[in-house]
Amino acid sequence: MAAPAPNRLSPADTKTRILDAAETLFVSGGFESMSMRQITSAAAVNLAAVNYHFGSKDALIHAVLARQLDPLNEQRLAMLDTFEAALGDKLTCEHVLVALFLPAVRIFRSDVPFADRYLHFLGRSYTDPSPVVRDFINTHYIQILGRFFSAFQRTLPDLHRHDLGFRLNFAMGALSSILAAGNTQRVIREFTQDSGDNEALILSRLASLMVAALKAPLPGPDQTNLFDAIVNLPGVAAVGATSAGTAKLALSEVSSA
């Protein structure tokens, strides 16, 4: 009697396994550290299968990003649309922050595949230094970024556009770096001080930091003078001054050589 034929994966199953393997490697080490050999080994497929479904490593990581970020950003926009329609000019930056963060928190707390590492994935995606990742996010989601930036502008009219952009980049960059470090369950426990992980608690604590960063007044002359006095205190002004001066001298000598 002939042995039964081995089960073969459908093309859709093969594609999913490749995406899952690439995502796992991306989360753990970033785009530049993952190789096609690692991907094929983790997915238990050959290189021809990866090339057939994606064509290149760049196209594969784009598919990995789109698979997770497209649904997230659709939910973000839907929530922002709901707030804008219901509130009009009463929209606040807290509403915009909820629309930005709540969909990610809900995915993280859901039962979808790999939900437990979803925030880690987001942190890695938004901090990975590879131009392949950066350029994809900045171009593929440019309209969504624009919608949220415009919403923040409307709710924070006193902030200059450049200053708002700097504050958002700084605050989001800090948050993404924390998430990229992994162990998001521990981060949330520390963040909420073991008070639970319900949506309102997470969002209220997160918003308290973000709103402070966005609404803090710019320093005036008095504050600048205060810090000028601090850095010029006896003993403080000399710390590092010699090494800094030596470094500047060395650079000057190199450039003039």
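Author: Contact means that heavy atoms lie within 4.5 Å of each other. The model is a predicted one, in which local features need pLDDT of at least 70 and side-chain atom pairs count only at pLDDT 80 or more, while totals for chains, interfaces and linings use all residues. Residues are numbered from 1 along each chain as its sequence is written, and side-chain values use heavy atoms, with hydrogens and water left out.

Reader: Then which residues is H120 in contact with, leaving aside its neighbours within four places in sequence?

Author: H120 is in contact with V27, L179, A180, A181, G182 and T184. H120 itself belongs to helix α6 (helices are DSSP runs of H or I with at least four residues, numbered from the N terminus).

Reader: Is H120 buried or exposed?

Author: H120 counts as buried because its relative accessible area is 15% (buried is under 20%, exposed over 50%, and partly exposed in between, for a 1.4 Å probe and protein chains only).

Reader: What about D128, where is that placed?

Author: D128 is in the loop between α6 and α7. Its relative accessible area is 3%, so D128 is buried as well. Not counting residues up to four places away in sequence, D128 touches F26, G30, F31, V133 and R134.

Reader: How many Å separate the C-alpha atoms of D128 and H95?

Author: They are separated by 28 Å, and the two residues are 33 places apart along the chain.

Reader: Why does A44 count as exposed?

Author: A44 counts as exposed because its relative accessibility is 55%. A44 sits in the loop between α2, which covers residues 36–43, and α3, which covers 47–53. A44 also has a positive phi of about 60 degrees, although it is not a glycine.

Reader: And what is the exposure of S150?

Author: S150, found in helix α8, has a relative accessible area of 32%, so it is partly exposed. Between the C-alpha atoms of S150 and A59 there are 30 Å, with 91 residues separating the pair along the chain.

Reader: Changing topic: how do helices α4 and α5 cross?

Author: Helix α4 spans residues 57–87 and helix α5 spans residues 93–108; their axes come within 9 Å and cross at roughly 145 degrees (axes are lines fitted to C-alpha atoms over the stretch in contact, and angles run from 0 to 180 degrees between N-to-C directions).

Reader: Which residues make that contact?

Author: On the α4 side they are L72, Q75, R76, M79, L80, F83 and L87. On the α5 side they are H95, V96, V98, A99, L100, L102, P103, A104, R106 and I107. Sorted by class, the contact has 13 nonpolar, 2 polar and 2 charged residues (Ala, Val, Leu, Ile, Met, Phe, Trp, Tyr, Cys and Pro are nonpolar, Asp, Glu, Lys and Arg charged, and the others, Gly among them, polar).

Reader: Next, the pockets. What volume does the largest pocket have?

Author: Its volume is about 660 Å³. A pocket is an open set of points on a 1 Å grid, where a 1.4 Å probe fits, with protein on both sides within 12 Å along at least five of seven lines; lining residues have an atom within 4 Å of a point. Of the 20 lining residues, Y126, L145, L168, N169 and M172 are the closest to the centre of the largest pocket.

Reader: Which helix supplies the largest share of that lining?

Author: Helix α9 does, with 6 residues. At least two residues each come from α4, α6, α7, α8 and α9. The lining of the largest pocket has 11 nonpolar, 7 polar and 2 charged residues.

Reader: How much space lies in the second largest pocket?

Author: The second largest pocket holds about 500 Å³. It is lined by 24 residues, and F101, L175, L179, F191 and L206 are the closest to its centre. Helices α5, α6, α9, α10 and α11 each give two or more residues to this lining, and α9 gives the most, with 8. By class, the lining of the second largest pocket has 21 nonpolar, 1 polar and 2 charged residues.

Reader: You mentioned L206; what is it in contact with, beyond four places in sequence?

Author: L206 is in contact with F101, L175 and F191. L206 lies in helix α11 and is buried, because its relative accessibility is 11%. L206 and L175 are 31 residues apart in sequence, and 9.4 Å apart in space from C-alpha to C-alpha.

Notes: Grid points are joined across faces, edges and corners, and a volume is the space filled by probe spheres set on the points.
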